[in-house]
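This report describes the strands, a helix and selected side chains of one protein model. Please consult the sequence and the structure shown here while reading.

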Amino acid sequence: MPLPLLAESAIIVGAEAGDWREAVRLAGRALTASGATRPGYADEMIRMIDEHGPYVVIAPGLALAHARPGPDVLADGLAVVTLATPVSFGHPHNDPVSVVLGLAIKSADSHIEAVAELANVFNDSSAIARLTAATSVSQVLEIMGTGS
C-alpha cells in the first residue's frame, strides 16, 4: 500500500501547541481540512493515547497519532504538523516531540501497511531533523517523498 495522499491542506508548519493534546488536535484538524476525517477523529486519537500511553512517540522527536478505522474516517489520509516549540507526551526516551504525524485509514488491514510504509520514510535518519527545520509546505512534501 502506498502512503495515503499528503494534501497541502494537511500540513501545518511551525505551529504552536501548549501540550500534546493540542498538538494531536492540530493533526486532527489537518486531517479534517484535507477531507480525510470528521472532526471527531482528533478526539479518538487523544482517547487512544489516554488509554494506551505515549506509544505514538515512535522515535526521538516524532509522534504518529492515529486511531482505529471508524465512522469518523472518510478516506485514507496523512497529516504533518511541525511544532515551533516541542511538547512532551510523557515518553521516557523520545520526548520532546516536534513533529506530529496524523494517520487515518479506512480499513484495519491497510492500517498496518500504512504504518510500515511510513516507517520507510523515517529509515532516513535525517528525516525528523529536516521536518523539524522545514519552513514551508513544499519542504515537507519533498521530505515525505510526495513533493516534486
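## Core, sheet and helix

L101 touches L62, A63, L64, A65, A79, V80, L118, F122 and M144, leaving out residues up to four places away in sequence; contact here means heavy atoms within 4.5 Å. The model is a predicted one, in which local features need pLDDT of at least 70, side-chain atom pairs count only at pLDDT 80 or more, and totals for chains, interfaces and linings use all residues. Residues are numbered from 1 along each chain as its sequence is written, and side-chain values use heavy atoms, with hydrogens and water left out.

L101 is also among the residues with the most contacts inside the largest nonpolar core, together with L6, L83, F89, V100, F122 and M144; this core has 55 residues. Helix α1 (residues 20–33) gives the most to this core, with 7 residues. A nonpolar core is a set of buried Ala, Val, Leu, Ile, Met, Phe, Trp, Tyr and Cys residues joined through side-chain atoms within 4.5 Å. Buried means under 20% relative accessible area, exposed over 50%, and partly exposed in between, computed with a 1.4 Å probe on protein chains only. In soluble globular proteins, nonpolar side chains tend to be buried together.

Helices (H or I, at least four residues) and strands (E, at least two) are DSSP runs, numbered from the N terminus. Two strands pair if DSSP finds at least two bridges between them. The table lists the strand pairs.

| Strand pair | Sense | Bridges | A bridge pair |
|---|---|---|---|
| β1 (residues 11–15) and β4 | parallel | 3 bridges | I12 and V81 |
| β4 and β5 (residues 97–104) | antiparallel | 7 bridges | V81 and V100 |
| β3 and β5 | parallel | 5 bridges | L62 and V99 |
| β2 (residues 57–59) and β3 | antiparallel | 2 bridges | V57 and A63 |

Strand β4 (residues 77–87) has 8 of its 11 residues buried, so the rest of the structure largely encloses it. V81 of β4 is the bridge partner of I12, and V100 in β5 is the bridge partner of V81.

For strand β3, 5 of the 5 residues are buried, so this strand too is largely enclosed by the rest of the structure. L62, L64 and H66 lie on one side of β3 and A63 and A65 on the other, and both faces are covered. In a regular strand the side chains alternate between the two faces of the sheet. β2 and β3 form a hairpin with 2 residues between them, and G61 in the turn has a positive phi of about 85°.

Helix α2 (residues 40–52) has 13 residues and reaches 19 Å from its first C-alpha to its last, close to the 18 Å expected at 1.5 Å a residue. That expected span is 1.5 Å times one less than the number of residues. The buried residues of α2 are Y41, A42, M45, I46, M48 and I49. They cover an arc of only 155° around the axis, which puts them on the same side of α2; the arc is that of the directions from the helix axis to the C-beta atoms. An α-helix has 3.6 residues a turn, so residues three or four places apart point the same way. The buried residues of α2 pack against α1, β3 (62–66) and β5. Just after α2, G53 takes a positive phi of about 85°.

T82 is placed in strand β4 and counts as buried at 2% relative accessibility. A polar atom of the T82 side chain lies 2.7 Å from the backbone nitrogen of G14. Beyond its neighbours within four places in sequence, T82 is in contact with I12, V13, G14, A15, S98, V99 and L131.

S98 is placed in strand β5 and, at 8% relative accessibility, counts as buried. The side chain of S98 makes a polar contact with the side chain of T132 (3.0 Å). The C-alpha atoms of S98 and P86 are separated by 4.4 Å, although these residues are 12 residues apart along the chain.

H91 lies in the loop between β4 and β5 and counts as buried at 17% relative accessibility. A polar atom of the H91 side chain lies 3.0 Å from the backbone nitrogen of N94. H91 also touches P54 and V57, not counting residues up to four places away in sequence.

Notes:
A polar contact is a pair of N or O atoms within 3.5 Å; within protein, one must be able to donate a hydrogen and the other to accept it, and residues adjacent in sequence count only if both atoms are side-chain atoms.
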